[in-house]
Amino acid sequence: MPPSNTSGLADVEQALRELQLELQELKDVNKELTEENRVLKANQPKRKKKGQNVSEENMAFDEEIRLCGRKYGACYEMFAPDRQLLQRPNPTFPPPLNELSRYETLASAESALLAELFSLLPSHIHPLVGDNHFADIFEDAMNSSRASEIKKLRSKAGLIFGLPEQYFTDTTYNRASVSEIQCLLGTSTSQRMPKPFPPILFPNLVEDSSLRTLFGNWELFGKIIRVLLWGENGLTALRAGGPPRNGNKWEATSLTPGLLAWAGVVVIFLLSADKEFRYSGKGETTKIQYNYMFSSYKKILIKNWNTEYTREIVKKLNNFIFSKGPRTTDSMSDEEDFTAAMDRALAGVTEGEDSTAQPEPPQSVTEDVMDETVGDVEANEDGQRANSPLTEPDEDEVHVVPTATVRGRRGGRAARRTVSNTTRTTRNARTT
């Protein structure tokens with residue numbers, strides 16, 4: 001009989017089994033190495049320059065730097081400072097931060113901005129400010145936080161402005177064609193560019209060419225800031241429980257010029273035709289330069305910060321924003337085109353005397369109060385505003401300004417309250 005092949009087949013099967021086991025082991029090792037590589041790549045420092053080493057000690061402060069960046073971006077400066085400026089040391093003798101003298105020269109403006117930043121940061125982070133790693137973390141926190149907060153405010157914009165929420169929650173909605181929004185921005189079929197200081201910024205939508213009553217429509221900005229600091233339920237009362245809000249994490253206790261200017265810019269953006277707030281600070285659709293707008297608003301606020309009128313506004317806002325419990329209110333009785341229009345409006349601003357009454361028209365023209373760090377633009381003597389494609393032309397203009405209402409609780413009972421200085425007019429303007 002021929003020899004049996006049983007033993008040979010058994011050897012082959014055994015060899016195949018061993019190869020399969022080795023292959024599986026190799027697959028397992030490859031899987032582990034792939035996962036390890038993914039983790040290493042995820043923790044690799046961003047934008048690390050050649051020759052620059054980021055120590056573990058510096059990276060340990062990343063979360064603290066992010067927290068400071070979020071606060072700085074809302075309460076002090078809406079846009080990140082120039083990285084070259086961060087290479088300078090903390091000024092020894094900076095100018096007063098909330099006085100117009102900080103803008104006397106470019107050097108004083110930069111010194112004040114840098115001193116403001118250092119005053120926010122804990123002392124142990126000061127040595128890190130000049131590092132690119134600090135700038136990366138700080139700037140990213142500012143940008144991401146701003147985008148997140150604007151998204152949150154967009155969801156509440158209908159309640160804030162007293163308009164249908166679909167105007168704001170639907171990013172494709174053509175807000176430029178809404179007559180109520182045209183009225184708030186001061187636009188029309190012939191004036192497509194919003195005024196540098198539109199009616200929505202003034203009490204009762206009454207514009208003041210001297211700008212002394214700028215931000216007099218304080219309840220609107222109070223609502224914006226309350227949502228920013230205390231969350232989406234901040235329009236009713238401060239919550240006692242739940243996770244800490246921005247106001248708690250930032251230890252915010254009072255209003256700053258930067259915070260009020262931030263609210264003003266966000267109001268304009270939410271009403272505008274722009275769909276997203278770009279990091280560059282320039283509106284994609286409207287071409288509005290929001291960075292230029294912010295620096296201008298902050299500058300005029302600092303200019304008027306110690307006037308009696310502005311002090312009264314700040315007092316009301318502090319009470320509205322930071323007091324606990326239900327809200328109660330007492331209402332008070334194209335790129336160059338945009339910057340040029342802003343400059344012309346600001347060119348006629350006078351310092352004026354402290355007064356709570358409606359200010360008199362300006363008696364003289366003083367220095368241009370635009371921030372030198374933004375850039376100077378020549379003002380035209382004729383004082384006419386330039387047009388720019390902010391909004392699409394509408395068939396006719398309707399002056400309808402709704403009054404926003406919210407509900408709060410007092411003594412366990414719901415109370416309906418009016419929380420806006422804006423006034424309601426009828427829709428019969430279309431027939432006139």
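Predicted model: local features only at pLDDT ≥ 70, side-chain atom pairs only at ≥ 80, totals over all residues.

Biologist: What is the mean pLDDT of the protein?

Modeller: The mean pLDDT is 74. A value of 70 or more is reached by 66% of the residues.

Biologist: Where is the pLDDT below 50?

Modeller: One stretch is residues 326–335, where the pLDDT is below 50. That stretch has 36 contacts in the model beyond near neighbours in sequence. Residues 350–432 are also below 50. There the model has 213 contacts beyond near neighbours in sequence.

Biologist: New topic. How many helices and strands are there?

Modeller: The protein has 13 helices and two strands.

Biologist: And how many of the residues count as buried?

Modeller: Of the 432 residues, 47% are buried. The accessible surface is about 22,600 Å². Carbon and sulfur atoms account for 48% of that surface.

Biologist: Now H10 and H11. At what angle do they pack?

Modeller: About 140°, with the axes 9 Å apart. H10 covers residues 257–271, and H11 covers residues 290–304.

Biologist: Why call H10 and H11 oblique?

Modeller: An angle over 145 degrees would count as roughly antiparallel. The angle here is about 140°, so H10 and H11 are oblique to each other.

Biologist: Is the crossing left-handed or right-handed?

Modeller: H10 and H11 cross in a right-handed way.

Biologist: Which residues meet there?

Modeller: From H10, they include Pro257, Gly258, Trp262 and Phe269. On the H11 side, Tyr290, Met293, Phe294 and Lys298 are among them.

Key: Residues numbered from 1 in each chain as written. Heavy atoms only, no water. pLDDT = per-residue confidence, 0-100. Contact = heavy atoms within 4.5 Å. Helix = DSSP H or I, 4+ residues; strand = E, 2+ residues; numbered from the N terminus. Buried < 20%, exposed > 50% of the residue type's maximum accessible area, 1.4 Å probe, protein only. Areas by Shrake-Rupley, 256 points an atom, 1.4 Å probe, with all protein chains shown as cover. Axes fitted to C-alpha atoms, helices over the stretch in contact; angles between N-to-C directions. Parallel < 35°, antiparallel > 145°, perpendicular 65-115°, else oblique. Left-handed = near helix turned anticlockwise from the far one by under 90°.
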